[in-house]
Amino acid sequence: MPTIDVEAAAYHQAGHAVADLHFGFRANPLALAADAFHCLGHAQRLDGKDYRDANGQVDPQQVGNAVIVWLAGSAAEREYSQAATVHPADWAKATDVLASLGPHQSFPGWQHQAREFVKQNWKAIQMVATDLLENNALDGTELEMIVSIANQEKDARANLIRYRELTGKKQTRQFCSPAEI
Ligand SMILES: [Zn+2]
């Protein structure tokens, strides 16, 4: 049986990953490792660039989205376990990104937005965390497919089952049948 820390870590990772997908950042694989709060590779743009547009101007929308991605891990953990900690490395990343908008940024406002994001996307976060706890790792395609299932897209479950069959990955209890249970 997983300990409560592993479960909290799964929700934490799921919060980052669902936010990545929601805001159009890269879907990097997740793994439940011993150092489960060592969060890497989130809020990365698909084109590999930073948060500037073609003219070198900072895009405030992109920056805001990235801040929410970095705060969504701890926000998901908080929603799951009521623990109100923000991991220092995530905080540092969020602060770093936010600094590109200039001084005097309101962190409580961003934390509030991250919590709202987590509440609105809780079904997807729960599904990702549950699968991560069962299989210990999810690739980017599985993540995208699970979010599609949460969004009730047509054939999403069947697509995930087929993808796992074709790639030799383990099916999970919550998605082993193509029909809604
Ligand atoms: Zn994190």
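**Close-up views of a predicted model**

**View 1. Helix α4, end to end.** Helix α4 (residues 107–120) has 14 residues, and from its first C-alpha to its last it reaches 20 Å, close to the 20 Å expected at 1.5 Å a residue. That expected span is 1.5 Å times one less than the number of residues in the helix. Helices (H or I, at least four residues) and strands (E, at least two) are DSSP runs, numbered from the N terminus. A quick note on what you're looking at: this is a predicted model, where local features need pLDDT of at least 70, side-chain atom pairs count only at pLDDT 80 or more, and totals for chains, interfaces and linings use all residues. Residue numbers start from 1 along each chain as its sequence is written.

View 2. Which residues of α4 are buried? They are Ala-114, Phe-117 and Val-118. These three cover an arc of only 95 degrees around the axis, which puts them on the same side of α4; the arc is that of the directions from the helix axis to the C-beta atoms. In general, an α-helix has 3.6 residues a turn, so residues three or four places apart point the same way. Turn to the other side of α4 and you'll find Pro-108, Gly-109, Glu-116, Lys-119 and Gln-120, which are exposed. Here, buried means 20 or more other C-beta atoms within 10 Å of a residue's own, exposed means 12 or fewer, and partly exposed is in between, with C-beta atoms placed from the backbone.

**View 3. α2 alongside α3.** The axes of α2 and helix α3 (residues 88–99) come within 9 Å and cross at roughly 170 degrees. Axes are lines fitted to C-alpha atoms, for helices over the stretch in contact, and angles run from 0 to 180 degrees between N-to-C directions. The two helices, α2 and α3, are therefore roughly antiparallel to each other; angles over 145 degrees count as roughly antiparallel, under 35 as roughly parallel, 65 to 115 as roughly perpendicular and the rest as oblique. On the α2 side, the residues that meet α3 include Val-63, Trp-70 and Ser-74, and their partners in α3 include Asp-90, Ala-94 and Leu-98. Two residues are in contact if their C-beta atoms, placed from the backbone, lie within 7 Å.

View 4. Gln-62 is found in helix α2. Is Gln-62 buried or exposed? Gln-62 is buried, with 21 other C-beta atoms within 10 Å. Gln-62 and Phe-25 are 37 residues apart in sequence, yet their C-alpha atoms are 9.6 Å apart in space.

**View 5. Ala-43, a positive phi in a loop.** Ala-43 has a positive phi of about 55 degrees, although it is not a glycine. Look for Ala-43 in the loop between β1 (30–31) and α2 (60–81). Ala-43 is buried, with 23 other C-beta atoms within 10 Å.

**View 6. Around α7.** Asp-155 lies in the loop between α6 (140–150) and α7. It isn't a glycine, but Asp-155 has a positive phi of about 65 degrees. Asp-155 is exposed, with 11 other C-beta atoms within 10 Å. Helix α7 itself (residues 156–167) has 12 residues and reaches 16 Å from its first C-alpha to its last, close to the 16 Å expected at 1.5 Å a residue. Just after α7 comes Gly-168, with a positive phi of about 70 degrees.
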